[in-house]
Amino acid sequence: MISRRGFVLGGAAAGTLALSPSAAGPMPRSLDTLPADAPVRPFSLLAKEMEVPLLGAGKPATRHVCAYNGTPLLRVRARRGTRLKVDFRNQLPDPTTVHWHGVRVPYLSDGVAPITQEPIPPGASFAYDVPLPDPGFYFFHPHCDETGQVGRGLVALLLVDDPAEEKVPFDLEHVIVVKDWRLGEDGQFLDMFTNDGAATAGTFGTVRATNGRVLPPRVAAPAYGDVRVRAIVADSTRVIDFGCDTEDAAILACDGQAIPPVRLDKVPDGVWRMGPAQRLDVHVRMPGPGAEVKIYDYRTAEPYLLTTLVAVDKGKKKRPFKPLALPIAKEVPQADLTRAKRLDFLVQTAAGAIAVAPPLPPGDPLAKALIDSLCVGDKTFWAINRNSWGAGADLRLPPPLDELHDGESYVLSIANVTKHPHPMHLHGHIFRVLSSSRKKGVPQYLADTVLVEPNESVEIAFKATSGDWVFHCHILEHMDSGLMGWFRIT
Ligand code: C2O
Ligand code: CU
């Protein structure tokens, strides 16, 4: 098993877009999110398969692990205000693309096949122009056979630092990547997509892991010191309830966007629920020498240990806990709620009638774009407002969910009428989560992905930016089986 459809390369990929297959550029100035003279950082990125002992020493190594630059779950750091000039090479046996999740890039760099580019065939290169206008905690991953490639490890973190943050006196930063592995007894990957999973909560891994390893990390931290814990759910399926066994903890940022600190014991149940793609920054104050702080996923019947922080004496003195606030970035465009237009979306199962929306007009640049079988699944279980992405045999790109206007403000109401939670992600925008019909007492926050629970409706607001942007569930099998649409913003 390499990929369900990696061998189909050719016919289906042809004729998707009139873009150059080798580069996202030239970037029209009007779409750029940084000044033309912003510092440039060349960045070579290579996707390749490798063999990794995922189950640990003494167990069979796993073949066909997908990684960027030879490091599964690679971490990349950059400064806010830089522009990454990415020279990407695909050495996987399958086509791929790179999507910069949460980063306000011009849409031509968004990496979404077939909307912003064609899939990059094995052996080919692609140049991405990736401005980083906002500090934050981002990640990147393919947007083509995501279920298979992300499932096999093709995810990298992108931490964009703000110089103003350096003044916040943390003693330690600890990153937690929640991502299970879906392996058989022989240590080899099982199929990532199952019909039963895709039609329900998603197909779970068989082995839980933190930072790629089966044993949760044990990390030494100064007693009475301040740790910045940065967690991401990079799994294709799993939803967690992030929490810890100390009261001295506070949420500092959601999806990398700082908020005034909220003590974790003040949010409902003392946990923060996070679906695939969501990130959280938390300040943890360490206890006295020798004591430990345990960070858990409390969603499972038996809490699952994500990390143990062990306090070691470094001469720090005990003092009352006061959360360390992160600077709030001002660059993110904000919606004007007094003039925002409201749009309503229903996340639903595809059972029953699927609206056959009129195709794009023949003159549209994307009229010929096919949702080729390289990049999405062939089953349809989910829909947004009765439209499914690539429903059945119709490989044509569906028309946009709506046509919006650049610079205008919108409030999206997203109602989930299914039995499963859906982490909904809008590309190219950082939105404000305004309210939820179920969660009360949660402050507003900025995010790029919001978890919408069964029978919940959530309102988000954003200021629209030009481009063709997808809006989808980040449970990857849901997205691959219909739960995706797109907005055209002009
Ligand atoms: Cu990380 Cu389209 O998503
Ligand atoms: Cu979903």
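**View 1. V177 stands opposite I232 in the predicted model.** In this predicted model, V177 faces I232, a residue of β11. The two strands in this view are β9 and β11 (residues 226–233). They pair in the parallel sense. Their pairing runs over 7 bridges. Strands of a sheet pair through backbone hydrogen bonds, either parallel or antiparallel.

**View 2. Five strands form an open sheet.** The sheet has 5 strands, in the order β9-β11-β16-β13-β14. Its pairing is mixed. The edges belong to β9 (172–178) and β14 (257–263). Each edge strand has a single partner strand, so one side of each is left without a neighbour in the sheet. Neighbouring strands are turned by 25° against each other on average, direction ignored.

**View 3. Three residues hold the copper ion (ligand 2) as its protein donors.** The donor atoms are ND1 of H422, SG of C473 and ND1 of H478. Along the chain, the donors follow the spacing H-x50-C-x4-H. H422 and C473 link distant parts of the chain, 51 residues apart. H422 sits in strand β23 (residues 422–426). C473 sits in strand β28 (residues 467–473).

Methods
Residues numbered from 1 in each chain as written. Chains lettered and ligands numbered in written order. Predicted model: local features only at pLDDT ≥ 70, side-chain atom pairs only at ≥ 80, totals over all residues. Heavy atoms only, no water. Donors = N, O, S within 2.8 Å, 3.2 Å for Na, K, Ca; no water. Helix = DSSP H or I, 4+ residues; strand = E, 2+ residues; numbered from the N terminus. Pairing = 2+ DSSP bridges. Axes fitted to C-alpha atoms, helices over the stretch in contact; angles between N-to-C directions.
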